[in-house]
Amino acid sequence: MTQPLLTHYQLGSDVVAFSSTRHGGYSQGHYAAFNINNYCGDSPVAIQKNREALCHLLGIEDNRLLMPHQVHRAEVAYINTSFLDLTPEEQKEKLEGIDAIITNIPGICIGVSTADCIPILLYDPQHGVVAAVHAGWRGTVQRIAKKAVEAMMTTYGSSPADLMAQIGPGISLQSFEVGQEVYDAFAAEGFCMEAIACLMPANQGTECGEKWHIDLPLCNRQQLVEAGVINEQIHTLPICTYEHHDDYFSARRLGIHSGRIFTGIMLK
């Protein structure tokens with residue numbers, strides 16, 4: 001069996017945390033080679049083979065590998081025993097329109113899909129709780145990272161100071177060129193634009209002049225700190241998906257009809 005090549009994170013001895021790369025799967029073309037996202041146009045057969053390979057590597061059954069259908073909002077879903085009692089169709093419905101997923105059940109791998117957006121993993125070693133968060137620019141504006149921390153506090157009693165956080169591969173400041181409307185959206189929500197944005201020469205398309213660039217990893221780190229997570233306990237993978245599209249999927253480089261990185265976390 002082909003084995004997916006994963007980027008592993010060290011968040012604690014009782015948790016498995018990783019991001020998938022483009023290597024070690026069955027998909028073809030711009031989906032090559034490892035993609036398990038059902039919503040980007042890949043072959044269902046290849047997706048299922050990739051899921052089977054990942055589950056084999058993790059030592060879990062297919063129904064213990066969970067991923068929401070993300071829509072760039074700030075909704076949170078909880079994977080509890082009631083969720084696990086639902087039918088597959090009911091579970092799919094519960095995960096529709098969700099961009100952050102949380103559980104305290106061992107042996108359940110939860111994760112999010114990205115291809116330039118920012119994936120965030122959270123781990124509370126005191127209460128045995130994990131979360132996976134998808135933070136595109138719209139979700140970042142809605143402060144989904146902060147809302148995920150607050151959800152862990154409210155539902156599981158987590159203390160932000162105990163949390164370990166991992167920001168996975170995503171688009172960098174240098175590559176995330178945006179229009180004025182995106183800049184204005186961040187400014188309208190009170191972000192410190194001097195810290196997160198800068199003007200740079202236009203480098204995408206045929207436009208001349210300067211365009212705004214926004215630092216999405218930094219935006220989400222700031223949110224975690226604002227929520228009470230200790231800065232030294234927040235780790236960022238220094239990988240820009242746009243620049244490293246041969247190893248990690250980038251929708252800006254490959255188009256929307258391409259694969260997605262799966263960033264997952266599982267309590268042992």
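Reader: Okay, first thing: is histidine 257 buried or exposed?
Author: Histidine 257 counts as exposed, at 56% relative accessibility. Buried means under 20% relative accessible area, exposed means over 50%, and partly exposed is in between, using a 1.4 Å probe and protein chains only. Before we go on, this is a predicted model, where local features need pLDDT of at least 70 and side-chain atom pairs count only at pLDDT 80 or more, while totals for chains, interfaces and linings use all residues. Residues are numbered from 1 along each chain as its sequence is written, and side-chain values use heavy atoms, with hydrogens and water left out.

Reader: Got it. Where is histidine 257 placed?
Author: Look in the loop between helix 9 (251-254) and strand 14. Helices (H or I, at least four residues) and strands (E, at least two) are DSSP runs, numbered from the N terminus. The C-alpha atom of histidine 257 is separated by 26 Å from that of valine 76, and the two are 181 residues apart along the chain.

Reader: You mentioned strand 14. What order do the strands have in the open sheet of five?
Author: The order is 1-2-14-6-3, and the pairing is mixed. Strand 1 and strand 3 stand at the edges with a single partner strand each, so one side of each has no neighbour in the sheet. Two strands count as paired if DSSP finds at least two bridges between them.

Reader: And how do strands in a sheet pair at all?
Author: They pair through backbone hydrogen bonds, either parallel or antiparallel.

Reader: So which way do strand 1 and strand 2 run?
Author: Strand 1 (residues 6-9) and strand 2 run antiparallel, joined by four bridges. Leucine 6 has serine 20 in strand 2 as its bridge partner. The two strands form a hairpin, with five residues between them.

Reader: What about strand 2 and strand 14, how many bridges there?
Author: Five bridges, and strand 2 pairs with strand 14 (residues 261-267) in the antiparallel sense. Alanine 17 stands opposite isoleucine 265 in strand 14.

Reader: How many residues of strand 2 are buried?
Author: Six of the six residues of strand 2 (residues 15-20) are buried, so the strand is largely enclosed by the rest of the structure. Val15, Ala17 and Ser19 point one way, while Val16, Phe18 and Ser20 point the other way.

Reader: Switching topic: how many salt bridges does the structure hold?
Author: Two. A salt bridge here is a side-chain nitrogen of Lys or Arg within 4 Å of a carboxyl oxygen of Asp or Glu. In one of them, arginine 51 and aspartate 62 meet at 2.8 Å, N to O. Arginine 51 lies in helix 1 (residues 44-58) and aspartate 62 in the loop between helix 1 and strand 3 (65-66), so the pair ties together parts that are 11 residues apart in sequence.

Reader: Are those two buried or exposed, or in between?
Author: Arginine 51 is buried, with a relative accessible area of 11%, and aspartate 62 is partly exposed, at 31%.

Reader: Which side chains meet at 3.9 Å?
Author: Lysine 211 and glutamate 177 do, N to O, in a salt bridge. Lysine 211 lies in strand 12 and glutamate 177 in strand 10, so this pair ties together parts that are 34 residues apart in sequence. Lysine 211 and glutamate 177 are both buried.

Reader: Last one: where is the cis peptide bond?
Author: From alanine 32 to alanine 33, with omega near -5 degrees. Alanine 33 lies in the loop between strand 2 and helix 1.
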